Amino acid sequence: MRCALVSRTLDLRGYLGAEIGRFADRIEIVDHRSDGKDADVRLAVAWHPPDDAFERYPNLQAVCSIGAGVDNIIACPSLRPGIEVVRVVDPAQAQMMSGFVAWHVIGHQRRFATYLGQQRDRIWQRLSQRHAQDVPVAILGYGEIGQRVAADLSQLGFPVLVWSRTAKPAPPPIRGFHGPSGLAAMLDETEVLVNLLPLTQETEGILNRELFNRMRRGGYLVQVGRGEHLVDEDLLAALESGQLDGAALDVFATEPLAPAHPFWRHPKIVVTPHDASDVRIEAVAATLVAAADAIGAGQRPPYAIDRNRGY
Ligand code: NDP
């Protein structure tokens, strides 16, 4: 099967590297070109595709992402309605994300930022400490990654609340909430908020003033979903007023984050460059091979998302 590599931000051939050789007997990889048509291409791997990218492929059946999120592919105007969009599900990525989130949740609980400041000023002073059980953590998104993060934080002793679109059973002591009324009820109890939602029309701008104001005063935000979930000015205002005590931001509406952006130098914000967790290249390759096999057999590829839902 012929598969095109389509990205305006990444050298996908270099990214896939030696993995290409491992499935070369089943999948012929071709680089995307902007001119002409390629009727033999039935599959594509894409990351931030150019707007007109898929016009070139009249018989394209599925587009594979190279990550858990597919928002950058769905946003492409030339993606026709019938084309399946496939995401990568990688347990190792969920584990890595869990460590990243735990780092920031514990950093807030144990007041690491204050200790760093004290070290800078050579101040030897113990701070009063709080137990994990006194710091409720809520997770927006209880999917493949959110479930792993919730289980690990619960294991560490934090009261964990989770929120999804549809009702989902959560193993006690984790408590599940869903829908708009569930969100409001959950936020009333929330000190640390972890955003692990996909970016959709429904979730864009969800991290806003109204949401921050419902949280416990002095709360903390761990933002690892997508930059467009956050209203930047509302976060700055919540930090200014003390409604939030800090935020760890890994994703931004414009990446790389512009040098002049106020987040860079804000004393209560930790910035990381969209690096919370990566999928393994092997997982991307396995997803691609499974998609090729499914298409060849006339079936729906595994991990094809619901295009109507947007995730
Ligand atoms: P999943 O699709 O497995 O899970 C998504 C979860 O979000 C589900 O629980 C879903 O609810 C919930 N959800 C979706 N829409 C809504 C809504 N409108 N209201 C309430 N809940 C909603 O995704 P993953 O766990 O694999 O990944 C989540 C996201 O994490 C990715 O889309 C990406 O944005 C981000 N990510 C960031 C990375 C980084 O490095 N910063 C790395 C990897 C992922 P339901 O269960 O009812 O369907």
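User: What should be kept in mind about the numbering and the confidence limits?
Analyst: Residues are numbered from 1 along each chain as its sequence is written, and in this predicted model local features need pLDDT of at least 70, side-chain atom pairs count only at pLDDT 80 or more, and totals for chains, interfaces and linings use all residues. Side-chain values use heavy atoms, with hydrogens and water left out.

User: Which residues come nearest to the ligand?
Analyst: R87, E144, I145, T166 and Y311 come nearest, out of 30 residues around the ligand. A residue is counted as near if one of its heavy atoms lies within 4 Å of the molecule.

User: What is the distance from the ligand to the backbone of E144, I145 and L197?
Analyst: A polar backbone atom of E144 is 2.9 Å from an oxygen atom of the ligand. For I145, a backbone N or O atom also lies 2.9 Å from a ligand oxygen, and for L197 the distance from a polar backbone atom to an oxygen atom of the ligand is 3.2 Å.

User: How much of the ligand does the protein bury?
Analyst: The protein buries 94% of the 950 Å² that the ligand exposes when taken alone. The areas come from the Shrake-Rupley method with a 1.4 Å probe.

User: Which elements supply the shell?
Analyst: α4 (91-109), α6 (144-155) and β7 (160-164) each supply at least two residues, and the largest share, three residues, comes from α6. Helices (H or I, at least four residues) and strands (E, at least two) are DSSP runs, numbered from the N terminus.

User: Why does the ligand lie between the domains?
Analyst: Domain 1 (2-90 + 279-296) and domain 2 (91-271) both give residues to the shell around the ligand, so the ligand lies between them. The bounds come from an automatic or database domain assignment.

User: How far apart are the domain centres, and how many residues does the contact take from each?
Analyst: The centres, taken over C-alpha atoms, are separated by 32 Å. Domain 1 gives nine residues to the contact and domain 2 gives eight, where contact means heavy atoms within 4.5 Å.

User: What area do the two domains bury?
Analyst: About 700 Å² is buried between domain 1 and domain 2, with 51% of it on carbon and sulfur atoms. In domain 1, D71, V89 and D90 lose the most area to domain 2, together 60% of what that side buries. Buried area here is the accessible area (1.4 Å probe) that two parts lose on being put together, summed over both.

User: Turning to the backbone, which peptide bonds are cis?
Analyst: The bond from P172 to P173 is cis, with omega near 5 degrees, and P173 is in the loop between β7 and β8 (175-178). The bond from E255 to P256 is also cis, with omega near 0 degrees.

User: Where is R122, and what is its phi?
Analyst: R122 is in the loop between α5 (112-120) and β6 (137-140). Its phi is positive, about 55 degrees, although R122 is not a glycine.

Notes
Polar contact = N/O pair within 3.5 Å; in protein donor to acceptor, adjacent residues only side chain to side chain.
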